[in-house]
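I opened the model and kept notes on what I looked up. The entries follow in the order I made them.

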Amino acid sequence: EEEAKSFVENLIKQGIEVANKPNPQPNEFGELLEKYFVTHEIANFVLGFHGREFTTDQKNQFREIFARRLVKIYSTPERINTFKNTTHKIESASKQIDGTMQVKTLFTFKDSPNSEPAKVYWKVVKKDNELRIFDILFEGISQLFAMRSEYGAIFTSEEKGNKNPQKFLVYLENEVGVAAGA
């Protein structure tokens, strides 16, 4: 439990350090995602049962686009500024039934000192003998399940995916600014 708490504390400190730079670069957040998250496993989970429709190459392409899209989403000035004005506290860590660790943190916003701290839970897994993040729950809402729902809606949308893996990938590539097949 202490190892998981230290791991999350280190990740948060690095994220805040990047956010407080005068001009944080998206690739800095990308490096944190790559280093601290199991993006391959997260992408597989997010794709869910729709993944049965994809070839191996299409799944690999999705994982690449997914990782870039995460960086784009979490590197917006609004998200970065959120970290600039916060303090945090690691409250607890507990082992879950599925063998993962869950670390509870509280974030206080300096701009709203009288508001209740935001509860953020970090689902920590061990991969290749290293701790990594698999999911984050903001006020009880799993980002993993939210992303699965979002990507499922895109995949099944007539104009965006129409249950066609290639159409879905092209849509995501265009949205994220990744050249087709890159």
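I began with Thr 100, which counts as buried because its relative accessibility is 8%. Buried means under 20% relative accessible area, exposed over 50%, and partly exposed in between (1.4 Å probe, protein chains only).

A note on the source: this is a predicted model, where local features need pLDDT of at least 70, side-chain atom pairs count only at pLDDT 80 or more, and totals for chains, interfaces and linings use all residues. Residues are numbered from 1 along each chain as its sequence is written, and side-chain values use heavy atoms, with hydrogens and water left out.

**Thr 100, continued.** I placed Thr 100 in the loop between strand 1 (86–95) and strand 2 (101–109). Helices (H or I, at least four residues) and strands (E, at least two) are DSSP runs, numbered from the N terminus. I then looked for contacts, meaning heavy atoms within 4.5 Å. Leaving aside neighbours within four places in sequence, Thr 100 touches Ser 94, Lys 95, Lys 123, Val 124 and Val 125.

**Ser 92.** I found Ser 92 in strand 1. Ser 92 is partly exposed, at 32% relative accessible area. With neighbours within four places in sequence left aside, I listed its contacts as Lys 5, Gln 102, Val 103 and Lys 104. Ser 92 and Gln 102 lie 10 residues apart in sequence and 8.2 Å apart in space, C-alpha to C-alpha.

**Helix 1.** I checked the length of helix 1 (residues 2–19). The expected span is 1.5 Å times one less than the number of residues. For 18 residues that gives 26 Å, and the end C-alpha atoms are 26 Å apart, which agrees. Among the buried residues of helix 1 are Phe 7, Leu 11 and Ile 12.

**Gly 30.** Gly 30 sits in helix 2 (residues 26–36). Gly 30 is buried, with a relative accessible area of 16%.

**Helix 3.** Which residues of helix 3 (residues 39–47) are buried? I noted Thr 39, Ile 42, Ala 43, Val 46 and Leu 47. Seen down the axis, the buried residues of helix 3 fall within an arc of 130°, so they line one face. The arc is that of the directions from the helix axis to the C-beta atoms. Just after helix 3, Gly 48 has a positive phi of about 55°.

**Helices 6 and 7.** I looked at where helix 6 (residues 143–156) meets helix 7 (residues 165–176). Tyr 151, Ile 154 and Phe 155 of helix 6 meet Pro 165, Phe 168, Tyr 171 and Leu 172 of helix 7.

Conventions. Axes are lines fitted to C-alpha atoms, for helices over the stretch in contact, and angles run from 0 to 180 degrees between N-to-C directions.
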